[in-house]
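I opened this notebook to keep track of what I look up in the structure, entry by entry.

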Amino acid sequence: MKSFIQNIPKAELHLHIEGTFEPELMFKIAKRNQIDIPFKTIEEVKKAYTFDCLQDFLDIYYQGASVLIKEKDFYDLTYSYFQKSAIQNVRHVEIMFDPQTHTERGVSFETVINGISKACYDAKKNYGITSFLIMSFLRHLTEEEAFITLNQSIPFKDKIKAVGLDSSEKGNPPSKFKNVFKAAVKEGYIPIAHAGEEGDAGYIWEALDVLGVQRIDHGNNALQDLNLVKEIIKRDIALTVCPLSNTALQVVKNMKNHPLKKMMELGLKVTINSDDPAYFGGHLNQNYIEIQRALDLTKKDLINLAKNSFKYSFLDKNIKNKHLEELNQL
Ligand code: ADE
Ligand code: ZN
């Protein structure tokens, strides 16, 4: 199965670039920027990566991102993710980035987007991997602050495909960002949001009905409400599921209890993703491997999951079809 998974062409639709920050690179960048981090060895870092909930993880994740200062830092971070993706037969990625994590510390929006975009350009040239960027608003901050970020993004609009919503879910429902999402859609950005990771099904209803999202990140808690499941299917909206993230953040206690198979059986369109691979113990193929093993997924299931990753991407129809044709040959 491992080599079968390796050989499947696939796309990744739920990936936070700040969550790909491997300790080795973090140490290197911290050193060249002369920033102190509270860890001395890679073992110490890895030990700190045990989480009881989403907030536990977010505290460490924002701390790690704080060593990113220069355009080259963002380039190196992003290019390093592409290098890992290339060897996993990843053909297309839709990368989330959190501008506010950096602009709050005085790093300019331009520095962030230029570093990431240049790596995307080089990855296309060197590996043939296509990519889109998703600008995510931090939901623990205010809508007013999200508006500032939206305005900062306008000069770079051609580099950004979609807007997302991430960070601490509980207590920060999608409706808090109703106006900024409306304005973002007016600017031509596609709306998506994290919903139903720790928040209940009500958060997913709001993402659909208030923000008008075209994709839902996680969405596990949709299973609490069968009317919601029917509505998601009716709207043909995909859920970007992240198995290793779910077990690392204790959203799912054991991979054997992961709801993915149930979601598929109900007719939900799901994809497999790594979310924050440097923190959750595995990149994209490892997520396929571990969920396959835990739920005894068939080769046909795996191919369907990979098909969904292209079908529910924001690629143009004819490019999607080229990828799907290749998957039909397997
Ligand atoms: N930011 C990075 N990873 C996240 C996740 N899994 N949920 C919410 N916000 C995030
Ligand atoms: Zn996420």
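Which residues is Phe97 in contact with, once its neighbours within four places in sequence are left aside? Working on what is a predicted model, I found Ile17, Glu18, Phe109, Val112, Ile113, Ile116, Leu133, Ile134, Met135, Ser136 and Ile160.

I then looked up the largest nonpolar core, which has 103 residues, and noted that Phe97, Ile232 and Tyr279 touch the most other members. Helix α4, residues 54–65, gives the most to this core, with seven residues. Apart from it I noted another core of six residues, with Met96, Ile134, Ala162 and Ile192 among them.

Next I turned to ligand 1, and listed the residues that surround it: His16, Leu54, Phe57, Leu58, Tyr61, Asp166, Ser167, His194, Glu197, His218, Asp275 and Asp276. For Glu197, I found an N or O atom of the side chain 2.7 Å from a nitrogen atom of the ligand, while for His16 a polar side-chain atom lies 3.4 Å from a ligand nitrogen atom, and for His218 a side-chain N or O atom is 3.4 Å from a nitrogen atom of ligand 1. Taken alone, ligand 1 exposes 260 Å², and the protein buries 100% of that.

My last entry concerns Thr240, which is found in strand β7, residues 238–241. Is Thr240 buried or exposed? I count Thr240 as buried, because its relative accessibility is 0%. Its side chain makes a polar contact with the side chain of His14 at 3.0 Å, and, leaving aside neighbours within four places in sequence, the contacts of Thr240 include Leu13, Arg215, Asp217, His218 and Asn273.

Technical notes:
Residues numbered from 1 in each chain as written. Chains lettered and ligands numbered in written order. Predicted model: local features only at pLDDT ≥ 70, side-chain atom pairs only at ≥ 80, totals over all residues. Heavy atoms only, no water. Core = buried A, V, L, I, M, F, W, Y, C linked by side-chain atoms within 4.5 Å. Buried < 20%, exposed > 50% of the residue type's maximum accessible area, 1.4 Å probe, protein only. Helix = DSSP H or I, 4+ residues; strand = E, 2+ residues; numbered from the N terminus. Contact = heavy atoms within 4.5 Å. Near = heavy atom within 4 Å. Polar contact = N/O pair within 3.5 Å; in protein donor to acceptor, adjacent residues only side chain to side chain. Areas by Shrake-Rupley, 256 points an atom, 1.4 Å probe, with all protein chains shown as cover.
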